[in-house]
Amino acid sequence: MTTDAAVLEVTDLRVRLGGVDVVDGVSFALAAGERLGLIGESGSGKSLTALAVLGLLPAGARVTGSVRLQGRELLGGSDRELSRLRGRDLAMIFQEPSTALNPLMRVGRQISEPLRLHRGYSRQAAARAAVELATAVGLPDPQRLVRSYPHELSGGQRQRVCIAAALACRPALLLADEPTTALDVTVQAEILALLGRLVAEAGTALLFITHDLAVVAAVTRRLAVLRRGRVVETGATDDVLRAPADPHTRALLAAARLTQWNLPAAGSAAARTSP
Amino acid sequence: MTAVREQADGGATGAEPLFEATGLVRSYRLARTSPFGPPGVRHAVRDVTLRLADGAALGIVGESGSGKSTLVRLLLGLDRPDAGTVRYRGRPVVAGRPRALRWFRREVQVVFQDPAASLDPRMTVGAAVAEPLACLGVPGDHDERVDEVLRAVDLDPDVRGRYPHEFSGGQRQRIAIARALAPRPRVLVGDEPVSALDVSVRAQILDLLGQLAERHRLGLVLVSHDLGVVARLCDQIAVMRGGTLVEQGATADVLSRPAHPYARALLAAVPRLPPP
């Protein structure tokens, strides 16, 4: 790392698509090992912000501002430069693990692909690493599972595969875009716990993108609320969720509470309490 | 709040139930995995019994593959059970020719998850909302009824001439609800009616459903993977897993004292916001 303590520093990021600034001057920073939640409704620009960081914006998008990873400017970098970084220094997991995986490739190869590409692992070393990684993300019977294809796995198992591949090279930064939205709620709880544990172990900074305030509360300490391409509020997750300053955040929170009001409090595991 | 409406007794005694499903079983044949072996069988619904009292709200919660959608299809007479019966006000509901179930469709209407898919893109809002009135041969002034139900879902009747794509997801779901309300049903079935919507819109639509149910004394059957959504609107909850109802009871009881381990796990897994 250079003089810059931030792993990721996004400054005045603007993405223009079809004549509209869909990301309109977004700035935030992430320190090593830190977890930041990026919250917003559909169309708020949260996913495009992530894609801009990755250099994966759709063709025709115009992007300005600055995205620095460990002090190094990513905007305007060539495809070759960026693909050297992706999977090694920064990685991503998406909402839909079934489309993120290659249906024709055994999952073991997909898990260890970053190691072969970026770390020069031999075929044998990669195969061994795939089993280790599959074990680390809690996949059942890893020896056998690495030889299966994505369609043979459940949604939760596929997302575990994506997480294993994303963390294979111990990247400095992991972007997770609604990684549990497509999963059942019991599976979601497992995946969130796993993700939290692994990024802590690897010292990876996490940018967690979601529309779900309760999910972000479970994973991050700090959050930024996006609306129409702008950050309308940032702060410690607990503070923002307890006492939101921005009216839009308040409205979001009130809406989220509507389906929570009569659930027993967290941790009480449905012990006592009534609405 | 809406969830604690007067308990119309979903239980055993008292008023005759609106809906009564007894011993429902439905299995599907799976694709053959070997040319010689017998094809596998998935038991989507196995021995489900439930009842809905007049004006009551029942929530069916389950994760993917739990059989909740199959159960809904059976309740709506869109599919035949292998065993068991569905009765509506004592009358059997049997999937068959559409005409034979016309009486039932007037009484029971459904709202699906994705209004973008459930509304015909080439049909104006007015035509879409009026369609069930014509199909079901509902007497009265259809035009007037369309205006009425559009107003009931907080839409301006002037939207009649417009097409579904001109609306946001929340507005489209309002249109779908208006269409369901048009024939004056006594029961509204919602199959994940808010899952495709943003949080803030979700809350509005849930409130709308709650108000409509109260105002028109509608029975509600709400199917969702989201316990919070169901708990908000329903006074009775049924938890479904592996094709069976593992737990059934009053919402407050199920939430505060879930008996089945799966119901407990499901409840514990719901991510919570910190208290305000």
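**Salt bridges and cysteines in the predicted model**

A salt bridge joins B:R232 and B:D207, with 2.9 Å between the closest N and O atoms. The two residues belong to distant parts of the chain, B:R232 being in helix α8 (residues 227-233) of chain B and B:D207 in helix α7 (residues 199-215) of chain B, 25 residues apart. In this predicted model, B:R232 is buried at 4% relative accessibility, whereas B:D207 is partly exposed at 28%.

Over all chains, 27 salt bridges are counted. Among them is the pair B:D82 and B:R26, whose closest N and O atoms are 3.7 Å apart. B:D82 lies in the loop between α1 (68-75) and β4 (83-88) of chain B and B:R26 in strand β1 (residues 19-29) of chain B, so this contact ties together parts that are 56 residues apart in sequence. B:D82 is partly exposed, at 45% relative accessibility, while B:R26 is buried, at 16%. A further salt bridge, at 2.7 Å from N to O, connects B:D147 and B:R160. In chain A, a network of salt bridges links A:D12, A:R14, A:D24 and A:R230.

According to UniProt, in an unreviewed entry, residues 25-267 of chain B carry the feature "domain: ABC transporter". This span is 37% helix and 24% strand, and its end C-alpha atoms lie 27 Å apart.

No disulfides are found over all chains. For A:C169, the nearest cysteine sulfur is that of A:C162, 15 Å away. A:C169 is buried, with a relative accessible area of 2%; B:C135, by contrast, is partly exposed at 45%.

Notes. Residues numbered from 1 in each chain as written. Chains lettered and ligands numbered in written order. Predicted model: local features only at pLDDT ≥ 70, side-chain atom pairs only at ≥ 80, totals over all residues. Heavy atoms only, no water. Disulfide = S-S within 2.5 Å. Buried < 20%, exposed > 50% of the residue type's maximum accessible area, 1.4 Å probe, protein only. UniProt positions renumbered as here; feature names shortened; annotations may be inferred. Helix = DSSP H or I, 4+ residues; strand = E, 2+ residues; numbered from the N terminus. Salt bridge = Lys/Arg side-chain N within 4 Å of Asp/Glu carboxyl O.
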